[in-house]
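Work through the exercises below with the structure open. Try each task before you read its solution.

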Amino acid sequence: MLGVIRRRPQLLWLLVPYVLYLGVLPLVNRVTPLVLGVPFLFVWLLGATLLTPVAVWLTRRADRNAPRGRRRGGRA
Amino acid sequence: MNAAVATSVFGVFMVATVALGLLALRGRGGGGGGLAEWSVGGRSLGPVFIWVLMAGEGYTSFSYLGAAGWGYNYGAPVLYVVAYMSCGYAIGYVVGPMLWSYARRHGLVGITDMVAHRFGRPWLGAVVAVLATVFLLPYIQLQITGMGVVLSTISYGTVSLNWAYFLAFAVTTGFVVVSGLRGSAWVSVLKDVLVIATLGFLALYVPLHYFDGYGAFLDRLVTEKADWLTFPGHGGGGSGGSGLGELWFISTTFLNALTVVIFPTTVAGYLGARNADALRRNAMYLPAYNVLLFVPMLLGLAALFVVPGLAGAESNLALFKLVVDSLPAWAVGVIGVAAALSSIVPMAVFMLVIGTMWGRSVLSLLPRFAERQKTAAQVVVVVAGSLALLLTYTAPNTLVRLSLISYEGMAQLLPMVLLALVWRRLTFRGAFSGLVVGVAVVCALVFSGNDPVGGVNAGLVALAANLAVALAVTFAGGRDADPRPDAEVLAHDPTDEEEKKEKEVLLPADPGPSDHRV
């Protein structure tokens, strides 16, 4: 498992949704401050939903840019 | 008059659905080909079709009914669906290509024959198939009843529930038996277009129609319904509350995000892909679809003001009460079609997966079906669908009770399916003992009314026990006597180089009409 992360550290981007939805939940579980009238929790979760595709895109971009020889897949 | 218009719109689209499903076979030899052509679309779907199919099968009638109902009853907790799908589809970036290449290398069509191959025991595939069928059947019933409720509502009560249930079964069976996964993907195109259009429209229309726009709507929400806007949601706190607090949200999202990547219907989508990169791109685009799931929740919250006092199962109709109340009959019909297709597409894939599991892993153990797996699978589709329909009529509560353990039960397959594919040391005895303990703990906790247990999702507690037992038994016992090399048994994320190589080696030998078996 650790070997995979060392070879493809970009896989860590895939943990971004876990941090946004779960890790910081106790901090964002609140109605205020309102953002354009929208309760804060909803703003946060909507933001997380929009950022998840970005996180996956960052992983894929790094995978595609990796030098040929280092693009071995994750044998755990 | 209204009923006639809405029902006619609905009827036309249902005919179109079956036609579209059957047309999917054009240019593919008209229903020929082996089990792999039917079950996983001949492993030939490109990134667009994979996205459409997986969006189509993942967003069930729950999006129109249950999600609005949860929004109405509790508020924020319903967003666990958005959270687990986003998290799950993100790790699908790694798991999808891994399962895809494993299945392709060994000519496999689902998780049951992956397990059978990994542990070299065909009967283990049969056991997993039976277990997974028990967990999947309730979903078929949920789709049947979901579509029944929608049709009866949008026909202004003129179509009875019993007829509506039968129609759900007939339309779905009408195409999936013949055209399999490819047909489901084609119907998904119609479904996704209608779902995006209708939910997008409703998100704009409802606040304007009832509240003079979003500003006024949100103002009222914040001042009058603040309970609904954070965890644990309305009626959540204290003893006797819903128990849907932060800990429940975190544990459920975590567990479901892992489970969704090995859920048999998700895997069917993965295996249908043409190449691994189609799945990686899909992992990028698919979470974006989740934005749509905020809409039913918002409409459920809007319904709090417009149709207060819905109790019990009635709250599931929160969204449709608004629709019927505020829109002309033809629009009601179109939204009904979108909701009905949200039942039909997932139901088709559920039935297809059950058929595939039985055709490949259970009936194939009998000599007379070994060479006719596709036919066996098609028969099982009709049998499974009929069984769900029959139970809907005669014993609806049996399946409702079963549905409580569906997702959490399926989660118990994680060590045997996923961990086993990356960790050679995991023994058959370890994985099997873990599974038995995990399923037992799920049943014990759920049926004794202890889910969530201490605020934590019971399935996660069971999975922890499952994993502990699997590891303990593995390390206590000897290694499995399996002479095959690691490369033959384990899965890995294919790189592009390997992918090209595999294509050259495997394309000519790709399972044809006579699928090779484990």
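Predicted model: local features only at pLDDT ≥ 70, side-chain atom pairs only at ≥ 80, totals over all residues.

Residues are numbered from 1 along each chain as its sequence is written, with chains lettered from A and ligands numbered from 1 in the order in which they are written.

**Exercise 1.** Describe the side of chain A that touches chain B.

Step 1. Two residues are in contact if their C-beta atoms, placed from the backbone, lie within 7 Å. The contact takes 33 residues from chain A and 40 residues from chain B.

Step 2. Find the helices (DSSP runs of H or I, at least four residues, numbered from the N terminus). In chain A, α2 (16-23), α3 (25-28) and α4 (40-65) each supply at least two residues. α4(A) gives the most, with 12 residues.

Step 3. Sort by class. Nonpolar means Ala, Val, Leu, Ile, Met, Phe, Trp, Tyr, Cys and Pro; charged means Asp, Glu, Lys and Arg; the others, Gly among them, are polar. This side of chain A has 21 nonpolar, 7 polar and 5 charged residues.

**Exercise 2.** Check the span of α1(B).

Step 1. The expected span is 1.5 Å times one less than the number of residues.

Step 2. Helix α1 (residues 2-23) of chain B has 22 residues, and 32 Å is expected. From first C-alpha to last, α1(B) reaches 32 Å, close to that value.

**Exercise 3.** Examine residues 12-28 of chain A.

Step 1. An unreviewed UniProt entry places a "transmembrane region" here; such annotations may be inferred rather than shown by experiment.

Step 2. Residues 12-28 of chain A are 71% helix and 0% strand. Their end C-alpha atoms are 23 Å apart.
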